[in-house]
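Dear colleague,

I am handing over a structure that you have not worked with before, and below it I set out what was found. Please have it open while you read.

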Number of protein chains: 2
Amino acid sequence: MSYPREESIQRAMETFWKKGYLGTGMRDLQAALDKRPGSIYSAFGNKEGLYLEVLNSYTQRLNSQILDVVESQSPLDELRRFLCIPLSMDDSSMHKVQCLIIKTQADWTELPDNVQRALQTSSELLRHSFQKIILKAQSIGELGENIQTNRAATWLQGQFIALRTLAAGMENPADIEWMVDKIIGDLPNNWEE
Amino acid sequence: MSYPREESIQRAMETFWKKGYLGTGMRDLQAALDKRPGSIYSAFGNKEGLYLEVLNSYTQRLNSQILDVVESQSPLDELRRFLCIPLSMDDSSMHKVQCLIIKTQADWTELPDNVQRALQTSSELLRHSFQKIILKAQSIGELGENIQTNRAATWLQGQFIALRTLAAGMENPADIEWMVDKIIGDLPNNWEE
DNA sequence: CTCAACACTGAACGATCGTTCAAGATAAAA
DNA sequence: TTTTATCTTGAACGATCGTTCAGTGTTGAG
């Protein structure tokens, strides 16, 4: 093994992130990892297996960022900072603006069953962590108790999706930082029916 | 010609909508149109040409729905109705929940240049129509004059994206109708900086 | 009926897809 | 040094990809 398994996963993540699951060919991965097909297949089984490890690594990283928000003293301030992260990407990393999970979800019907399930699981994990943010903010009084935390978590995930998707389509993602402020401002309101 | 060109486009739309641009093969389209490759190529040039006509047709339909909102007496009420449309899809049409444009945008880097440009143009057209909704609502007093209409249009497009994407990932899209009410409720607020 | 015009057919092309596998390289244990 | 276990190599496989084209069928004008 010329370099550790983890580096292969990170290199593969770059490729899947840039080209999507369907758009990425094994030959793209062979070039990215600088390995021949046999090495990749013996290490990860197949394209699907490699992607599942990439997705798992990506999800854990994103989830730990969200959990950092939960642990902070002012969850709402830290949430604002978290949402701004992808808006300051340089041109060479523009493909990292969009969330890898959302990007892959778009090809839903054409994905292997295991990938579909893994995406669902990742999505639920992140929503659950968003819910923890709401609960933490309520517990320290930054948000009222009237908010239905499960709905707020789904809504927050939706805002995350909107922000990432809009930013990915702009020449300068930083131009929608104002939307982060609106999200934080809208979070406490309009939860009654 | 056994049936009009427009029907070919509608059938192709079903396929592209379900499987995405990369996920759709010419053989899928041959089956959907019940035509052999030569017929399709003589009528549309190639896969890209057929998709461009599909995208154009889709965009016009969606845009006219938005313009209907602009023309209505109560734009905000009609906007609520417009946003709810995809949330009441039966199981056989679940793939129509997600917006075709957003779905295709996910594969961005792997798409032909003409498709990239067409998606950009469609996206801008719809944002412009969203802006007309804001302006109309302001003109009849449903919204205050303090709102920056271009930002509100982008925000509204983002909410549209969030709603469609969340709904597409749920077993029952109708379960997030509450979010439409929150969107309408959030629209007038938090536009000052 | 004739003939030009046009849409349609379907076998086939070269390219690329994900994947396999026998053989070679490498390094630690014996 | 030999053995054993592990990792790597790269040619090659069958399947599928988008696309082409010579031939067939259909239609309406003269």
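In this predicted model, a rotation of 180° with 0.0 Å of shift along its axis places chain A on chain B with an RMSD of 0.0 Å, where the superposition is by least squares on the C-alpha atoms of residues with pLDDT of at least 70 in both copies. That is the relation of a two-fold axis. Among the residues of chain A, A:A162 comes closest to the rotation axis, its C-alpha lying at 2.5 Å. The copies meet through the same surface, because 100% of the interface residues of chain A are also interface residues in chain B, contact being defined as heavy atoms within 4.5 Å.

A note on conventions: residues are numbered from 1 along each chain as its sequence is written, while chains are lettered from A and ligands numbered from 1 in the order in which they are written. Local features need pLDDT of at least 70, side-chain atom pairs count only at pLDDT 80 or more, totals for chains, interfaces and linings use all residues, and side-chain values use heavy atoms, with hydrogens and water left out.

Turning to the aromatic rings, there are 18 aromatic pairs over all chains, counting rings of Phe, Tyr and Trp (its six-membered ring) whose centres lie within 6.5 Å, with planes under 30 degrees apart called stacked, over 60 edge-to-face and the rest tilted. The rings of A:W17 and A:Y58 have centres 5.1 Å apart and planes at 80°, so this pair is edge-to-face. The pair links distant parts of the chain, as A:W17 is in helix α1 (residues 5-19) and A:Y58 in helix α4 (residues 47-71) of chain A, 41 residues apart; helices are DSSP runs (H or I, at least four residues), numbered from the N terminus. Both A:W17 and A:Y58 are buried, which means under 20% relative accessible area (1.4 Å probe, protein chains only), with exposed over 50% and partly exposed in between.

In chain B, the rings of B:W155 and B:W191 have centres 5.9 Å apart and planes at 85°, so that pair is also edge-to-face. B:W155 counts as buried at 1% relative accessibility, and B:W191 is buried at 6%. Over the face of B:W155 lies A:K182, at 4.6 Å from the ring centre, the rule being NZ of Lys or CZ of Arg within 6 Å of the ring centre and within 35 degrees of the ring normal.

Finally, α9(B) is mostly covered, with 8 of its 10 residues buried, and these pack against α8 (149-168) and α9 (177-186) of chain A together with α5 (75-84) and α8 of chain B.

With best wishes

Methods: Helix = DSSP H or I, 4+ residues; strand = E, 2+ residues; numbered from the N terminus.
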